[in-house]
Amino acid sequence: MTLSTLRLGYLPLIDAAPLIVAHELGFAAEEGLGLDLVRLQSWAQCRDMLGLGQVDAAHMLVPMPVAQALGLGPAFPRFDLAMVLAVGGQAIAISAHLADAMRARGHGFDFDDPVAARDALAAVAGGVLRVGVPFPFSTQAELVRRWLANTPLAKNVTIHTVPPPQMADALALGEVDAFCVGEPWASYAVERGVGTLLLAGRSIWAAPPEKGLVLTQDFTQAHPEETGRLMRAIWRAGRWLDQPDNRSTAAEIMSRTAYLNLPPELSERGLLGRLHISAAGEVRHFPDFIRFHQGAANFPWRSLAALFARRIAQLHGLDPTEAIATATACFRTDLYRQHLRSAGADLPGASARMEGAMAHPTAVASEKGQMILGPDAFFDGDIFDPAFALR
Amino acid sequence: MTRLSIIVVEQDRERALRIVDGLMASGSHDVVVIAEPAGLARRIADLKPDIVLIDVANPSRDVLEELALASGPLDRPVAMFVDRSDVALTRAAIEAGVSAYVVDGLQVDRIKPILDAAIARFHMFQKMRAELAATKAALEDRKIIDRAKAILMKARGIDEEAAYALLRKTAMDQNRRMADIAQQLVMAAGLLT
């Protein structure tokens with residue numbers, strides 16, 4: 001087996017763990033693959049480097065390849081999402097000022113009741129509520145929009161892009177009143193004493209796909225062998241990460257200077273689902289706060305592409321039917337099936353599903369008959385049916 | 001021809017000054033430097049520039065991406081500059097470490113001299129940064145090798161030349177860098193004393 005090296009772009013977040021673990025624990029080497037991990041500073045930089053071939057693959061927000069397919073970005077060769085890297089891992093934080101006001105009115109900060117949190121927030125928000133998200137095309141933006149939709153608060157909400165490492169500063173300086181971001185950046189704001197955690201992303205949508213492995217279609221066509229090796233190495237890293245005993249080790253590795261460059265105690269909170277919601281050290285346990293493998297977390301359901309495409313089309317005045325058709329083609333369930341079957345991944349009978357339909361873990365048809373999905377419900381009981389959306 | 005208004009987003013003061021000098025040499029423009037990430041979106045919206053230049057690796061780029069999308073009826077549409085007829089220019093810019101956001105409809109022949117000037121300056125910085133990093137790394141390597149040599153000389157009673165030769169041979173045999181072997185030796189010696 002010839003040893004080839006791939007350059008991978010990532011941003012410093014706990015959901016980059018599958019790439020880092022694939023490298024550090026030798027899952028990539030087992031596939032005869034060297035990984036050159038390049039830490040990047042912004043999602044725009046990540047997209048540009050992939051588009052110009054300066055990295056071979058990238059850790060990217062799941063809605064980004066959708067937006068790119070819909071022409072909302074620079075003219076680069078087509079991007080494909082080969083697999084999902086992480087589900088969940090987001091948290092919503094609010095300013096100390098809002099938190100104090102909510103506490104004064106008796107809100108208990110359970111961290112998992114979106115309706116109670118929203119009502120309590122609405123009671124104290126007064127005027128415009130400015131919410132930071134990491135990128136215009138992000139799962140965080142989707143979560144915030146869903147959470148606040150159809151309420152009086154929705155009319156007064158403005159959504160602003162703030163780079164994750166700057167979220168704490170933006171809250172401290174009063175540029176935003178709240179934000180939704182991937183860990184460890186919400187915990188970082190808590191640690192700095194400027195924010196209080198209000199909700200986990202998974203309390204709004206039980207299975208919010210957060211990051212994906214994105215490659216250009218040119219690359220997957222020109223290098224099918226390397227694409228497969230990379231996908232298998234990352235899939236095995238995800239399986240390792242979802243064994244609970246391994247999470248502390250993962251936090252240690254992720255915290256190193258070369259990766260997150262933060263104390264392990266901070267990266268560990270999201271990985272263990274044990275979050276400090278305030279600087280006073282109030283802890284909330286949220287089991288499966290982030291998933292890297294369980295529940296077919298890595299499968300790039302085409303219905304997810306459709307869901308994000310419909311949202312982006314609505315916001316940018318595009319034809320939703322066309323947008324859904326274009327976007328679903330970029331979620332490469334075919335590559336997933338082709339490359340991960342040999343690694344032992346169970347493969348679902350369908351490539352799309354109804355999003356939000358499962359309130360409980362549910363067994364579904366699959367090749368090995370061992371697939372249990374979900375839960376993936378939206379807090380408000382909404383169900384997104386891609387077949388209906390396409391009509 | 002009307003003057004173009006250009007914003008340079010750059011925290012390092014000296015670097016910003018040099019970029020401004022380079023831009024001024026390429027023609028007469030109104031150039032404003034924004035150093036702080038705080039309130040960036042609002043300040044850019046207020047200044048209504050024709051072009052924004054920013055380091056490719058600046059985290060605040062994502063804020064500009066949002067500005068580029070938010071084209072309300074009164075906003076001026078802005079886009080990241082990617083010239084479909086001149087991919088080489090985009091590539092050169094990204095490689096030099098600069099990205100440009102330009103107002104829609106601005107002629108490419110007006111953008112090109114500015115981008116060329118920016119590329120030249122940013123490129124110079126990339127090179128300086130790389131050289132500085134390489135020098136630092138080399139210095140660190142030398143320091144650790146010196147310490148490893150001293151440990152070997154003391155422990156085995158050999159002279160400096162022999163200690164150096166031993167380190168080099170070990171590194172070659174193990175197909176590793178000499179500095180890595182030295183690092184391990186220094187660490188092990190630290191544990192043993």
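**Domains, contacts and terms**

Guide: The assignment for chain A gives domain 1 (4–88 + 209–257 + 292–348) and domain 2 (90–207). Keep in mind that this is a predicted model.

Visitor: How far apart do the C-alpha centres of domain 1 and domain 2 of chain A lie?

Guide: The two C-alpha centres of chain A are 26 Å apart. The contact takes 17 residues from domain 1 of chain A and 15 residues from domain 2 of chain A.

Visitor: Which elements of chain A each supply at least two residues of the side of domain 1 that touches domain 2?

Guide: They are α4 (63–69), β4 (79–88), β10 (209–216) and α15 of chain A. By class, that side of domain 1 of chain A has 12 nonpolar, 2 polar and 3 charged residues.

Visitor: What does the domain assignment of chain B give?

Guide: For chain B the assignment gives domain 1 (4–131) and domain 2 (134–192). Their C-alpha centres lie 46 Å apart.

Visitor: What makes α15(A) oblique to α16(A)?

Guide: The axes of α15 (residues 302–316) and α16 (residues 320–328) of chain A come within 8 Å and cross at roughly 140°. That makes α15(A) oblique to α16(A), because an angle counts as roughly antiparallel over 145 degrees and as roughly perpendicular from 65 to 115. The crossing of α15(A) and α16(A) is right-handed.

Visitor: Which residues of α15(A) and α16(A) meet?

Guide: From α15(A) they include A:Ala305, A:Phe308, A:Ala309 and A:Ile312, and from α16(A) they include A:Ala323, A:Ile324 and A:Ala327. The contact of α15(A) with α16(A) has 10 nonpolar, 2 polar and 2 charged residues.

Visitor: Why are α5(B) and α7(B) called oblique to each other?

Guide: The axes of α5 (residues 108–156) and α7 (residues 178–192) of chain B come within 8 Å and cross at roughly 50°. Angles under 35 degrees count as roughly parallel and those from 65 to 115 as roughly perpendicular, and α5(B) and α7(B) are therefore oblique to each other. The crossing of α5(B) and α7(B) is left-handed.

Visitor: Which residues of α5(B) and α7(B) make the contact?

Guide: Among them are B:Ile144, B:Ile145, B:Ala148 and B:Ile151 of α5(B), with B:Ala182, B:Leu185, B:Val186 and B:Ala189 of α7(B). This contact of α5(B) with α7(B) has 10 nonpolar, 1 polar and 2 charged residues.

Visitor: How do you know whether A:Ala170 is buried or exposed?

Guide: A:Ala170 has 23 C-beta neighbours inside 10 Å. A residue is buried if 20 or more lie within that distance, so A:Ala170 counts as buried. A:Ala170 lies in helix α8 (residues 167–172) of chain A. Leaving aside neighbours within four places in sequence, A:Ala170 is in contact with A:Gly132, A:Val162, A:Glu175 and A:Val176. A:Ala170 and A:Ser95 are 75 residues apart in sequence and 9.8 Å apart in space, C-alpha to C-alpha.

Visitor: Is A:Phe111 buried or exposed, and why?

Guide: A:Phe111 has 21 other C-beta atoms within 10 Å. The cut-off is 20 or more, so A:Phe111 is buried. A:Phe111 sits in the loop between α5 (96–104) and α6 (114–125) of chain A. Phi of A:Phe111 is near 80°, a positive value in a residue other than glycine.

Visitor: And B:Lys48, buried or exposed?

Guide: With 12 C-beta neighbours inside 10 Å, B:Lys48 counts as exposed, because 12 or fewer is the limit for that term. B:Lys48 is in the loop between α2 (40–47) and β3 (51–55) of chain B, and phi of B:Lys48 is near 45°, again a positive value in a residue other than glycine.

Visitor: Where is A:Pro184 found, and what is the peptide bond from A:Glu183 to A:Pro184?

Guide: That bond is cis, with omega near 10°. A:Pro184 is found in the loop between β8 (178–182) and α9 (185–191) of chain A. A cis peptide bond also joins A:Gly374 and A:Pro375, with omega about 0°. A:Pro375 is in the loop between β15 (372–373) and α18 (386–390) of chain A.

Visitor: How many residues of chain A are in contact with chain B?

Guide: 21 residues of chain A are in contact with 20 residues of chain B. On the side of chain A that touches chain B, α3(A) gives the most, with 4 residues.

Notes: Residues numbered from 1 in each chain as written. Chains lettered and ligands numbered in written order. Predicted model: local features only at pLDDT ≥ 70, side-chain atom pairs only at ≥ 80, totals over all residues. Contact = placed C-beta atoms within 7 Å. Domains from an automatic or database assignment. Axes fitted to C-alpha atoms, helices over the stretch in contact; angles between N-to-C directions. Left-handed = near helix turned anticlockwise from the far one by under 90°. Nonpolar A, V, L, I, M, F, W, Y, C, P; charged D, E, K, R; others polar.
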